[in-house]
Amino acid sequence: MAMTLRLTDDDERALALLAGAQGISKQEATVRAIRDAAARRIHEDRVSELSTHARARYADLLERLGR
């Protein structure tokens, strides 16, 4: 699917620097950045979900340990 991406001059320079540092095209750098951001978000959401579950499950133990 084709998509037009409009960047500010600063964002364009940052993308060019990123692509150059990785030795890849700006298009590939953009795709990788999107995938990395999505993976981080999914991971953060999962860690948060597991943390909430663990805190609820072990609330009594955590309370006792906190004394």
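In which helix is Gln 27 found? Gln 27 lies in helix α2, and because its relative accessibility is 54%, it counts as exposed, a class that begins over 50%, with buried meaning under 20% relative accessible area and partly exposed lying in between (1.4 Å probe, protein chains only). Between the C-alpha atoms of Gln 27 and Ala 16 the distance is 9.8 Å, although eleven residues separate the two in sequence.

The model is predicted, so that local features need pLDDT of at least 70 and side-chain atom pairs count only at pLDDT 80 or more, while totals for chains, interfaces and linings use all residues. Residues are numbered from 1 along each chain as its sequence is written, and side-chain values use heavy atoms, with hydrogens and water left out.

The secondary structure of the protein consists of three helices and zero strands, in the order α-α-α along the sequence, where helices (H or I, at least four residues) and strands (E, at least two) are DSSP runs numbered from the N terminus. Taken along the principal axes, the C-alpha atoms fill a box of roughly 55 × 25 × 20 Å. The radius of gyration of the protein is 20 Å, whereas a compact globule of 67 residues would have one near 11 Å (taken over C-alpha atoms, with the globule rule being 2.2 Å times the number of residues to the power 0.38). Of the 67 residues, 7% are buried.

After α1 comes Gly 23, with a positive phi near 70 degrees. Helix α2, with 32 residues, reaches 46 Å from its first C-alpha to its last, close to the 46 Å expected.

How do these two helices meet? The axes of α1 (residues 9–22) and α2 (residues 26–57) come within 9 Å and cross at roughly 95 degrees, which means that α1 is roughly perpendicular to α2, the term for angles of 65 to 115 degrees (under 35 is roughly parallel, over 145 roughly antiparallel, and the rest oblique). On the α1 side, Glu 12, Leu 15, Ala 16, Leu 18, Ala 19 and Gln 22 meet Lys 26, Ala 29, Thr 30 and Arg 32 of α2, contact meaning heavy atoms within 4.5 Å. The residues of this contact divide into five nonpolar, two polar and three charged.

The buried residues of α2, namely Ala 29, Thr 30 and Val 31, pack against α1. Thr 30, in helix α2, is buried because its relative accessible area is 19%. Not counting residues up to four places away in sequence, Thr 30 touches Leu 5 and Leu 15.

Methods
Axes fitted to C-alpha atoms, helices over the stretch in contact; angles between N-to-C directions. Nonpolar A, V, L, I, M, F, W, Y, C, P; charged D, E, K, R; others polar. Expected span 1.5 Å × (residues − 1).
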